[in-house]
Amino acid sequence: MRREVPLLITGIVGVVFVLQYFIPHWPFSQVNTWFSDWFSIVGAFAIWLGALNLLKISALKVIGKKSDWGYAIVIIISFIIMVAIGFAEGKEFREQGTMFSWLYEYVYSPLSATMFALLAFFVASASYRAFRARNLDATLLLMAGFLIMLGRVPVGDSISFFLPENYQFSQVASWIMTWPQTAGQRAIMIGIALGLVSTSLRIILGIERAHLGGGD
Amino acid sequence: MSTRAKELLVVGIVLLFCIIAYLGKVYGWVDTVVFSPMVSMIVVGIIILGLVFVLIRTLQGRLINRQVVFLFVGIAVIMPFFMSITQKIRTSPEVQQLYDAVAELPKGSKVLVSFDYDPPSAPELQPMAEAFLYYCLSNDLKVIIMGLWPQGAQQANLALEAIMKNEKLAAKGLEYGKDYVNLGYQAGNEFVIQRMGADFSSMFRTDYSGRHYEELELVKNVKNFSNIDYSFNLSAGYPGTQEWVQVAVDRYGLKMGCGNTAVQAPMMYTYLNAGQLVGLLGGMNGAAEFEQLVKYPGKGTKFMLSQSFAHMIVIAFIIIGNVAFFRSGRGKKL
Amino acid sequence: MEHVALWVAAFLTLGIISFLYKDNPWYKLCEAIFVGISAGYWFIVLFWDNIVGKFWVGVFPPKELNDVGELVNSVEPDYWLIVGAVLGVLMLMRLIPNIGWISRWPLAFIIGCTSGLYLINYFSSNMMRQVQGTIMPLLGMNYELSTYDIIGNIIIVIGTFTGLIYFYFSKEHKGWFGRAAKVGIWTIMITFGASFGYTVMSRMSLLIGRVDFLFGDWLGLIN
Amino acid sequence: MRVGKSTFLHLCLAFSLSLILILILLTLVSAQEVDSLRSSTDSAYTIPDSGLVLVAPVTSLIAEDYKYDDGEQLKLSWVPSIDDQLVDSKVLGYRLFRSIDGGTPEILAKLPPGTNSFLDRTVQRERKYQYYLETFSENFVVQSIVTAAISPEREWLNLDRGWLFIIALFISIAIIFFVEKAKRGHKLYVRKIAGLEAIDEAVGRATEMGRPVLFIPGINDMDDVQTLAALTILGRVSRTIADYDSQIFMPVSRSLVMTAARETIKTSYMAAGRPDAYSDDMVNYVTDEQFGYVAAVDGLMVRERPATVFLLGAFFAESLILAETGNSVGAIQIAGTARPAQLPFFIAACDFTLIGEELFAASAYLSGEPRQLGSLKGQDVGKGLAMSVIILGVLAVTIATAWDVEIMHNVHNWLLGVFSSN
């Protein structure tokens, strides 16, 4: 039971979801919308599991006085503050002037934007250490990257001023984007589609079942 | 002195500097700093010397620390903010295409602008949003704003606030509800677009501030996409341009252009090629070009110098890395 | 409040940047705040938007007065949403040790949906459409195509074709097949290079945005 | 039949031939089709000296059920007014009116000049609808005939997607065919995939160094097949880990993924005969927020210093931060994603990278099970089909445009039609 039922559910549901694409008639016409609604509801329930897990791990750290347990307290407190304020402010928690939106704007946003901005530094360090013209493949990658980087800032055209107008870096960059880049994207996209079909089929047919705790 | 003490000292100095600068700002002691061309050249010279030093070190077989690379990037991005160098910005075809599409709209046309991004992506997309809204409103196009990301509607308000400071716009006496509306955020990703294809008001019962859809003069007669003359999507990921193209353009025949973060832009060229998109602004560069076209020099143009410097630094590091790689014999992994 | 807000934002911004030097207490503090605040943020957003906004309001829509003064539902209740809630509750069964296995059912359901849905969606948009898009003329006679477009077309057709050969699993990359696969991987590498260039651009813009905050909004040194 | 080298060629050939055959048949049929009649009324009424800009009404207005929907749409088509010209058009536009169940007509839409069709998406099956169009100029309005009353209908099959169905079915059958074949003991050849060969070694290294293995399944939820693919690979990896008695650490950013990952690892440990060694703490939820998650994982990497890092699944901007930090602590990194924008960074900063389709092939390949390998063969059939169609189509359109060969035009149009199902 414990093993077969999930497999059966996956199989049947999978087939129904494939068929809905070809059947415009109700209820198949609704299946797509339902799934999106259901999924967001299940996700909202499941985050309770996640949140409890986060709290449990942090609490264990504090109790066990493991290294960095002080920060675990910070996690717990900031989580509780955010949740308490969010519940207290009710449905309108997002509106301008609420405490929740203040925390969002001055704590959450700068943290997330800065973390995002760290990428600029990592890009540079990866460029220095990792992007080597080891072979033809890597050289092509580098050349394309080079031309795009130069072509997309005004300085690129200033450097290539001696070339005819149509061969300056900004034009070359546009050319790369329009043709070879599109070809590569296509090959990758078609490959991905086929890989996806095959993976999905394996799951629907029950050949792949590790994630359901089935085992062979 | 121990490392610890040194580190604390550096933090202390930085903090002190910040406090002084901040107080200077608050009490008006310090004005904005602008380098003279001479100083700018010297700064550039110092950066180049630094890079030469790095090159020499690397050639000697000693890779410099990651932290030094980081320092260079920081300097290259910060310094141009203080410089007063202007650069010639050339318009790329996809930006021109967007401009043309908007420019040929007759007065009073309805333009739908979807804000599908949040603050972290704002540096790239906010300048686009401002320039686009400025151009539409100053040319008597009616703007309908919405968002598929929770923070999109707030970003739109920030953009509106910024452009209303412009004298030309302020003089027009634009009216909310008549010249532009902000319908706010709606959850549901591409399903929102799909349902909007049938009926806008089913998705947006009220606008951002809670006024009923039917009370808003601009949109009360807007039923679905067939009442929209052009649409512009500012996107930083999912849901974004891809979903708009797949649903609104492919199924409902909406005419659409987009502004994307540079990361996303490459994928959009496929749609541009196929004619599913009319116009594309890619990243800061796209924003700057569009600002030039609509004559609204904003942050895009201002940031372009830093962008140029940053690109040059990355390119310099790739070259340094590779020169060293070839000098040291190809096989050896540096 | 304005001052506090700016200093809090600046403190956190610099704290994250300090990770570039090395892992340190300041970063650890910011990291902990970030994890706690963001987990709380999503917890609240999902609760109000999905559980309340979607499920509760969908099943029990707000009442309003109609023309004759009766209380009626403003929209038709959507009872299908209850399925989602049932799945959600089954998911929470994990918390009860002995019947935790029941949570595999909603999981199986979701996995089935995902596989079925994406199987066909991707097949249609990524495979069929892209194959169709690759069917293009390679000669310009009797046709309004410039040499520029023709060269472009040839590049797209060859690039896509050889790219597919690269992904072919059943045959070793040897001989003519190997050479074609080589051309394929070159095209893919150029694509990656272009992505790389654009990504560098994007990331730098983000950093520029933060610098603008620190030196402009906070310290007021630049306009 | 030996499946191997020659399969590819055979398949290509077989497809091309069969396609051509069908095409020839089709061409013969389609050549008979005639262009639909374009009936037009005579020129506009003229009332001399009125100063009115007179325009003719639209003709052939037809309302019909939109094919293949759930009874939600009606399709209108008409021949525009003859005064509706590209240049110097007298027509300023059209107004579409609709009456429901014989009620008073109400305006439905205002359409620009040049329009010749409209899709009414605001209809219900229980109602009957009638339409007419007004053509207007600066100061003159003329009505068309009123259409017959009609209700939308719902259909059970979307025949527009017939070809999509056939092709998808064909590829699915090919996959199942090879899976069955493999089950019966046929040996199937699959080329080596470098990143996957290295997995055992990478886990072994972690064991030797006494440091943990870090597994990141991307940041998307269970509704992304990339996450499913990552979990299937996790199944194999954790089996190896259980065998080697190594340690695994898996922070995730989605609660559902946490649940599924725990099931997966538990199963592997049970299969390895070491259920006692498993603990739920191997998988932890951090936060749904992209960069909050990255901040935490980064910290974790620096502090725990894993020997091996797997980055498999759907990655966005965080790819580089994770890969660079992993690199800086000296971990062996195996990465894979189907998101092209992130692949260059994985290629640069990781030791092995699975590109796009390889990610999906990985779990089948790793399992070494013949029937799983069979599914890879099926995928290749799909690629063979795509390639054959590209060759055929390109040949057809090139010949057609270069030498204006009628039959090639038909082949080209037919192929476009087949592959445009949406």
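## Interface of chain C and chain A

About 10700 Å² of area is buried between chain C and chain A, and carbon and sulfur atoms give 82% of this area. The model is predicted. In it, 110 residues of chain C are in contact with 105 residues of chain A.

Two salt bridges are counted between chain C and chain A. One salt bridge joins the side chains of Asp37(A) and Lys54(C), with an N to O distance of 3.6 Å. Polar contacts across the interface of chain C and chain A amount to 12 residue pairs, with both residues at pLDDT 80 or more.

## The side of chain C that touches chain A

Six elements of chain C each supply at least two residues of the side that touches chain A: helix H1 (2–17), helix H2 (25–59), helix H3 (81–92), helix H4 (104–134), helix H5 (147–166) and helix H6 (175–218). H2(C) gives the most to this side, with 29 residues.

By class, the side of chain C that touches chain A has 75 nonpolar residues, 26 polar residues and nine charged residues.

## Cavities

Four cavities of 30 Å³ or more are found in the structure. The volume of the largest cavity is about 90 Å³.

Residues of chains A, B and C line the largest cavity: Arg94(A), Gln96(A), Phe100(A), Ser101(A), Tyr104(A), Glu105(A), Pro150(B), Gln151(B), Gln154(B) and Tyr41(C). Helix H4 (residues 99–129) of chain A provides the largest share of this lining, four residues. The lining of the largest cavity comprises four nonpolar, four polar and two charged residues.

Methods. Residues are numbered from 1 along each chain as its sequence is written. Chains are lettered from A and ligands numbered from 1 in the order in which they are written. This is a predicted model: local features need pLDDT of at least 70, side-chain atom pairs count only at pLDDT 80 or more; totals for chains, interfaces and linings use all residues. Side-chain values use heavy atoms; hydrogens and water are left out. Contact means heavy atoms within 4.5 Å. Buried area is the accessible area (1.4 Å probe) that two parts lose on being put together, summed over both. A salt bridge is a side-chain nitrogen of Lys or Arg within 4 Å of a carboxyl oxygen of Asp or Glu. A polar contact is a pair of N or O atoms within 3.5 Å; within protein, one must be able to donate a hydrogen and the other to accept it, and residues adjacent in sequence count only if both atoms are side-chain atoms. Ala, Val, Leu, Ile, Met, Phe, Trp, Tyr, Cys and Pro count as nonpolar, Asp, Glu, Lys and Arg as charged, and the others, Gly among them, as polar. On a 1 Å grid over the protein atoms alone, a cavity is a set of points where a 1.4 Å probe fits but cannot get out, and a pocket is an open set with protein on both sides within 12 Å along at least five of seven lines; lining residues have an atom within 4 Å of a point. Grid points are joined across faces, edges and corners, and a volume is the space filled by probe spheres set on the points.
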